[in-house]
Each structure stands twice: as structure tokens, then as C-alpha cells.
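Here are a few notes to go with the fold you asked me to look over. Have the viewer open while you read, as the points go strand by strand.

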Amino acid sequence: VQLQASGGGLVQAGGSLRLSCAASGTIFSINAMGWYRQAPGKQRELVAAITSGGSTNYADSAKGRFTISKDNAKNTVWLQMNSLKPEDTAVYYCNAKKIIFDFWGQGTLVTVSS
């Protein structure tokens, strides 16, 4: 599975960004896709995930501000991020879970200025 992430950038606090992640390769049996982030000096953490059946899961910090969605036909997952805060600044990584394996995209930097 190859994951191509895009959509990061610099935005002011209160602004919005939309990240996208396109999956290719042997995409059958992908159980879930999601977004993780890693800020400098911190561990990578889950932001949001969506299962093949459409169930979603959000970190508490993302609830009410971020929305994860997917298009099965396009094998693409999006993360709409609204009301961004400086603490959302991080490298965001797309993730796909297939059976017992994790696949990662290259990461896209999101910087939120105050």
C-alpha cells in the first residue's frame, strides 16, 4: 500500500486546512485509514480514523473541529480541520491499517501561527 498525503501548509489560528491521502497499490483488505500527527519533541498520536465501514474515531483534541471522511471509489481519505490552534502544529501522517500491518504516508507539515 502506498499513501500520498497532501494539503499541509501555514495557516493562522482560527483558520482551516484540508488534508488528503490517496491510497494505491494493494488496497484490498484495508481495515481503516486515519491521520496521526507528531509535534516536535512529542510522540506520534492519533488524530482521527475511519474504518472501511465508515465508523469514525477522533482524539479529544480533534472532536468538534476536525472531520474525517473518505471516498471509496477514489481510495482517498480527507481530514477537514477547522478552528485550528497553534497546538495543532505538527507533521501529519496518513495511516492505513491492513490486517496486522501499518502503512504510512510521507507526512505533511501543518503550521498554525498565533
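Predicted model: local features only at pLDDT ≥ 70, side-chain atom pairs only at ≥ 80, totals over all residues.

**Notes on the strands and one arginine**

1. Strand 4 and strand 9 (residues 90-98) are antiparallel partners, held by eight bridges.

2. Strand 4 (residues 30-38) is mostly covered, with seven of its nine residues buried. Strand 4 also runs antiparallel to strand 5 (residues 45-51), and six bridges join the two. There, Tyr 36 sits opposite Leu 46 of strand 5.

3. Strands 4 and 5 make a hairpin, with six residues between them. Look at Gly 41 in that turn: its phi is positive, about 80°.

4. Now for the other sheet I'd look at: four strands, antiparallel pairing, open, in the order 1-3-8-7. Strand 1 (2-6) and strand 7 are the edges, each pairing on one side only. On average, neighbouring strands here are turned by 15° against each other, ignoring direction.

5. Within that order, strand 3 (residues 17-24) pairs with strand 8 (residues 76-81) in the antiparallel sense, over six bridges. Leu 17 faces Met 81 of strand 8.

6. Is Arg 65 buried or exposed? Its relative accessibility is 11%, so Arg 65 counts as buried, the cut-off being under 20%. Arg 65 lies in the loop between strand 6 (56-58) and strand 7 (66-71). Its side chain reaches the backbone oxygen of Ser 83 at 2.9 Å. Residues that Arg 65 touches include Met 81, Leu 84 and Asp 88.

How values were computed:
Residues numbered from 1 in each chain as written. Heavy atoms only, no water. Buried < 20%, exposed > 50% of the residue type's maximum accessible area, 1.4 Å probe, protein only. Polar contact = N/O pair within 3.5 Å; in protein donor to acceptor, adjacent residues only side chain to side chain. Contact = heavy atoms within 4.5 Å. Pairing = 2+ DSSP bridges. Axes fitted to C-alpha atoms, helices over the stretch in contact; angles between N-to-C directions. Lists of a residue's contacts leave out its neighbours within four places in sequence.
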